[in-house]
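Dear colleague,

I am handing over a structure for you to look through, and below it I set out what was found in it. Please read the notes with the structure open beside them.

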Amino acid sequence: MKKMAAELKIYVVGIGGRGLNALTAIKRRGIPVKTIGIDTDSSALSVAKCDEKLLIGEDLTKGRSTAGVMEIGRKAMEALAYKIVEKVADGEVVVLISGLGGGAGSGGHTVLVESIKERFPEKLVISFVTIPFKTESGNRINNAKMALSTIIDISDVTVVHFNDLLKEKYPSLPLVRAYRILDNKIEESLRAILGLQNIKPIPGVVNVDFNSFKAIAMRSGLGLINVKEAASVLSAFKEALKEEFCDIDVTGCKGAVVYIEGSETALQTSDIYDISGTLTSTYGIQVVYFGFKPSWELTQPKVAFIATGVKSESVRKFLEE
Ligand SMILES: Nc1nc2c(ncn2[C@@H]2O[C@H](COP(=O)(O)OP(=O)(O)OP(=O)(O)O)[C@@H](O)[C@H]2O)c(=O)[nH]1
Ligand SMILES: [Mg+2]
C-alpha cells in the first residue's frame, strides 16, 4: 500500500497590531494552519481572531502598547518566547508576521525568530514583514530598519512588502481595505506553501515536494512568493514573476519552485519548456523545481511561483539610507 506523507503542519504567529490583523484575516478564510497572536496590548489581543493568544510584557506596559519603544517589545518577548518555542515544537514551518515600525512587532519579531532558531535550527522559519509608510515618524522608520536587517539575517526566508507601494497602487482605497490586500497576499502565500503537498509530478522535469522546497529555502535571505491566475499558464507565470509590493530581482537567485494548478488540458508541453527556459537561461537560476496540481474547480490556470535568495534594490536602499 502507498504510504501517504504526513500533513504539513504550519504555525503562523502574528506579533503586534499588524500581525494580529493578518491572523484575523487568515482565520476568517479558514486556512488550515495553527494561529498564535502575541502582543503587549491586551485590547488589540482581545479583538483578534486566532487559535491561541499570548499577552507579553504585562509588567512593563500593564497590558497597553509599547508606544513604539522597540526595547520594550524585545524585553517583553524575551521573557515569554519559551512558551511559543514549546508550542511550535511539532510544526515543520513557522511563519511570523509583523508590521515593522512599532515596538511590539519590531522588537518581538527578532527575539522570537532567534529563540525558535536557537532551539530548532532545522525548522523552516519564514518572516512576512511590512515596511512603514515613508510619512510615518522617524522613530518608526528607524525601528523598521534595525529590525529588518536582523530579520533577514536570521529568518530562513523573509518576504517584504512596502506599505508605500500599497498606497501608490490603491490611492483611493480606504486604508483598512488596502491592508486587506496585503493580508490576501499572505493568505495566498500560505496556501502556496501548503500546496507543496500532494503535487503530481510532471514527466521530464525536476519535481517539487516540501523537502526540495525546504532545501532552497533554508537560510536563503529575501524571498518572493506569488500566486497568479490568468487565461493561460504562460501569462499567469509572467505575472507571478513580478512582486507588486516590493521590487524583486530573481536573477541568479538560490532556487525557484513553479507549480501549476488547473485542468489537465490547460498545461501544454511547450509551457514547461518555456518556463524552464526563462528561469534557467534568462534569469540564470540553477535549481528549479516543478509540479502540477489537477483542479476541476479553477476556470483558468493558476501559477504559484516561489523564489529564494532574491535581490531587492528598494530593500537595499531602505536599509542603507
Ligand atoms: N499592511 C499593514 N500594515 C499595518 C497594519 N497595521 C499597522 N501597519 C503598519 O505596521 C506598523 C506597525 O504598527 P503596529 O503593528 O500597530 O505596531 P505594534 O507592533 O503593535 O507596535 P506598538 O503598538 O508600538 O507596540 C505601522 O507603522 C504601519 O506602517 C495592517 O493591518 N496592515
Ligand atoms: Mg500595537
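**An enclosed strand and a pair of helices**

Strand β1 (residues 10–15) is largely enclosed by the rest of the structure, because 6 of its 6 residues are buried, where buried means under 20% relative accessible area with a 1.4 Å probe, protein chains only. This is a predicted model, in which local features need pLDDT of at least 70 and side-chain atom pairs count only at pLDDT 80 or more, while totals for chains, interfaces and linings use all residues. Residues are numbered from 1 along each chain as its sequence is written, chains are lettered from A and ligands numbered from 1 in the order in which they are written, and side-chain values use heavy atoms, with hydrogens and water left out.

In a regular strand the side chains alternate between the two faces of the sheet. In β1 both faces are covered, with I10, V12 and G14 buried on one side and Y11, V13 and I15 buried on the other. Strand β1 pairs in the parallel sense with β4 (residues 93–99) over 6 bridges, pairing being assigned if DSSP finds at least two bridges, and V13 has L96 of β4 as its bridge partner. Strand β2 (residues 34–39) also runs parallel to β1, joined to it by 5 bridges, and I15 stands opposite I38 there.

Turning to the helices, α5 (residues 103–119) and α6 (residues 138–154) pack at about 15 degrees with their axes 9 Å apart, and they are therefore roughly parallel, a term for angles under 35 degrees.

Best wishes

Note on methods: Axes fitted to C-alpha atoms, helices over the stretch in contact; angles between N-to-C directions. Helix = DSSP H or I, 4+ residues; strand = E, 2+ residues; numbered from the N terminus. Parallel < 35°, antiparallel > 145°, perpendicular 65-115°, else oblique. Buried < 20%, exposed > 50% of the residue type's maximum accessible area, 1.4 Å probe, protein only.
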